[in-house]
Amino acid sequence: MPGAGKTTAGRQLAHMLGVPFADVDVEIERRIGCSIRSFFEQHGEVAFRQIEADTIAELVKRPAHVLATGGGAVLRPENRAALKANTVVLYLRATPEELYRRLRHDTQRPLLQVADPLRKLRELYRDRDPLYQEVAHYTVETGRPSVSHMVNMILMQLELAGVVDNQLVKSATLRH
Ligand SMILES: Nc1ncnc2c1ncn2[C@@H]1O[C@H](COP(=O)(O)OP(=O)(O)O)[C@@H](O)[C@H]1O
Ligand SMILES: O=C(O)C1=C[C@@H](OP(=O)(O)O)[C@@H](O)[C@H](O)C1
Ligand SMILES: [Mg+2]
């Protein structure tokens, strides 16, 4: 979902683990040469989703690092398949109300430039939560922690899953 913390927590997590960070949206904006919001307005969502799929297909093949996708990455089956097969997928789950609290002043998410953004978030959550749960290896219930607390929750989940070892988590925590 938009506002889940993928970009913010993903960047912090990569820094703490000492691995490269990539954000699908940032890579897309580099390719299209404008903001995603402008692209939506000029070319529409379908054209965006094709560029998003092409970008995800490339980025999931890069060596181990932290990858933040956009909230709509799960809409296309080929994206879900690519993410699940090539990465350890964490779903950063938050309620529509919490997401609205985080995004209420944000003007850059095209899907939320509507009269009732909270209603839109509830619709997106209804449609997408099953898809996130289908593609995710692990779900992190983010609630209302600070970003740094959320990153520690993610680290603990990754350690429990054996994705990162205890020493790496300890050094990450110290680095933090
Ligand atoms: N766990 C959190 N608690 C409070 N604010 C958060 C949390 N995660 C993200 N935010 C804030 O919400 C906004 C959206 O975060 P962002 O990382 O851009 O989300 P996404 O990339 O998933 O859309 C940012 O202002 C960020 O600081
Ligand atoms: O939820 C969505 O469909 C989208 C989320 C955005 O990314 P964030 O989840 O980082 O906001 C961005 O990819 C685009 O605006 C579409
Ligand atoms: Mg993001």
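A polar contact is a pair of N or O atoms within 3.5 Å. The views below show a predicted model.

**View 1. Polar contacts of ligand 1.** An N or O atom in the side chain of Arg109 lies 2.5 Å from an oxygen atom of ligand 1. For Lys6, a polar side-chain atom is 2.6 Å from an oxygen atom of the ligand. Ala4 takes part through its backbone: one of its N or O atoms is 3.2 Å from an oxygen atom of ligand 1. On its own, ligand 1 has 560 Å² of accessible area, and the protein covers 78% of this.

**View 2. Residues around ligand 1.** There are 15 residues around the ligand. Those that come nearest are Gly3, Lys6, Thr8, Arg109 and Pro145.

View 3. An unreviewed UniProt entry places the feature "binding site" at Asp25, Arg49, Gly71 and Arg128. Of these residues, Gly71 is included in the lining of the largest pocket. Gly71 sits in the loop between strand S2 (66–68) and helix H5 (77–86). Its relative accessibility is 13%, so Gly71 counts as buried. Beyond four places in sequence, Gly71 is in contact with Met1, Pro2, Lys6, Arg128 and Tyr132.

View 4. Not counting residues up to four places away in sequence, Asp25 touches Ile36, Phe48 and Gly70.

Key
Residues numbered from 1 in each chain as written. Chains lettered and ligands numbered in written order. Predicted model: local features only at pLDDT ≥ 70, side-chain atom pairs only at ≥ 80, totals over all residues. Heavy atoms only, no water. UniProt positions renumbered as here; feature names shortened; annotations may be inferred. 1 Å grid on protein atoms, 1.4 Å probe; cavity = no way out; pocket = protein on both sides within 12 Å on 5 of 7 lines; lining within 4 Å. Contact = heavy atoms within 4.5 Å. Helix = DSSP H or I, 4+ residues; strand = E, 2+ residues; numbered from the N terminus. Buried < 20%, exposed > 50% of the residue type's maximum accessible area, 1.4 Å probe, protein only. Near = heavy atom within 4 Å. Polar contact = N/O pair within 3.5 Å; in protein donor to acceptor, adjacent residues only side chain to side chain. Areas by Shrake-Rupley, 256 points an atom, 1.4 Å probe, with all protein chains shown as cover.
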